Amino acid sequence: MDRQITPYMPTRDAVARTRSPLFGPERFTYQPESNSYLCPAAQQLNYGGRNDRNRAFAYIRTRPKCGPCPLKSQCTRGAFRFLAIHMNEAARQRARDLWNTPEHEHAQRQRKKVEALFAELKRRIGLHRLRLRRLKFVKEQFFLAATAQNINRLVRFLSQPNTTAITPA
């Protein structure tokens, strides 16, 4: 976003968010002054540390405080609520917000065109594995393969029958 590039990409948790009957992270409200979250029952989940492997911050509520909660069956299946928030959650939320826009649909159509060309290079032209090493030789091999692909597409385009009928005058 800082470089004026719009991130039209799915987040890995998008499917699980829509199918789960439990409260998702979007139902919790962040409290920046105390670095905690409020659950839908207005109970505070305190910061519990960070998990560098998953790149997430952990927020937890204790077992005695979650036990008597009337919304516990909608909130968690465990003894207490554990909330993992990704370190880059703000950027991920911006990407989720852009997911249902018309511009995203247009970008996906454009992406499919490019991906189809790369798939053709890989499968039909045989560029699934580069034979050469070093950047300048790889560029040459790639440009030769792209040239072969363009010639192949040009032959297919020119071999199509002409659909415009010429009427004699």
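Predicted model: local features only at pLDDT ≥ 70, side-chain atom pairs only at ≥ 80, totals over all residues.
Student: Which residues of α5 meet α6, and how many residues of each class does the contact have?

Tutor: On the α6 side, the contact involves Phe142, Ala145, Ala146, Gln149, Asn152, Arg153 and Arg156. The α5 side contributes Leu117, Phe118, Glu120 and Leu121. By class, the contact of α5 with α6 has six nonpolar, two polar and three charged residues.

Student: Which residues of α6 are buried, and against which helix do they pack?

Tutor: A residue counts as buried under 20% relative accessible area. In α6, the buried residues are Gln141, Ala145, Ala146 and Gln149. These buried residues pack against α5.

Student: What distance does α6 reach from its first C-alpha to its last, and what span is expected?

Tutor: Helix α6 has 24 residues, and the expectation is based on 1.5 Å a residue. The expected span is 34 Å, and the helix comes close to it, reaching 34 Å.

Student: In β5, which residue is the bridge partner of Phe57?

Tutor: Strand β4 comprises residues 56-60 and runs antiparallel to β5, with five bridges joining the two. Strand β5 comprises residues 82-86, with Leu83 and Ile85 on its covered face. Its uncovered face holds Phe82, Ala84 and His86. The bridge partner of Phe57 in β5 is Ile85.

Student: Where is Gln4, is this residue buried or exposed, and what is its phi?

Tutor: Gln4 is located in the segment before α1 (14-19). Its relative accessible area is 70%, and exposed means over 50%, so Gln4 is exposed. Although Gln4 is not a glycine, its phi is positive, at about 60 degrees.

Student: Where does Ala42 lie, is this residue buried or exposed, and what is its phi?

Tutor: Ala42 belongs to the loop between β2 (36-38) and β3 (44-51). With a relative accessible area of 57%, Ala42 is exposed. Ala42 is a residue other than glycine with a positive phi, near 65 degrees.

Methods
Residues numbered from 1 in each chain as written. Heavy atoms only, no water. Contact = heavy atoms within 4.5 Å. Helix = DSSP H or I, 4+ residues; strand = E, 2+ residues; numbered from the N terminus. Nonpolar A, V, L, I, M, F, W, Y, C, P; charged D, E, K, R; others polar. Buried < 20%, exposed > 50% of the residue type's maximum accessible area, 1.4 Å probe, protein only. Pairing = 2+ DSSP bridges. Expected span 1.5 Å × (residues − 1).
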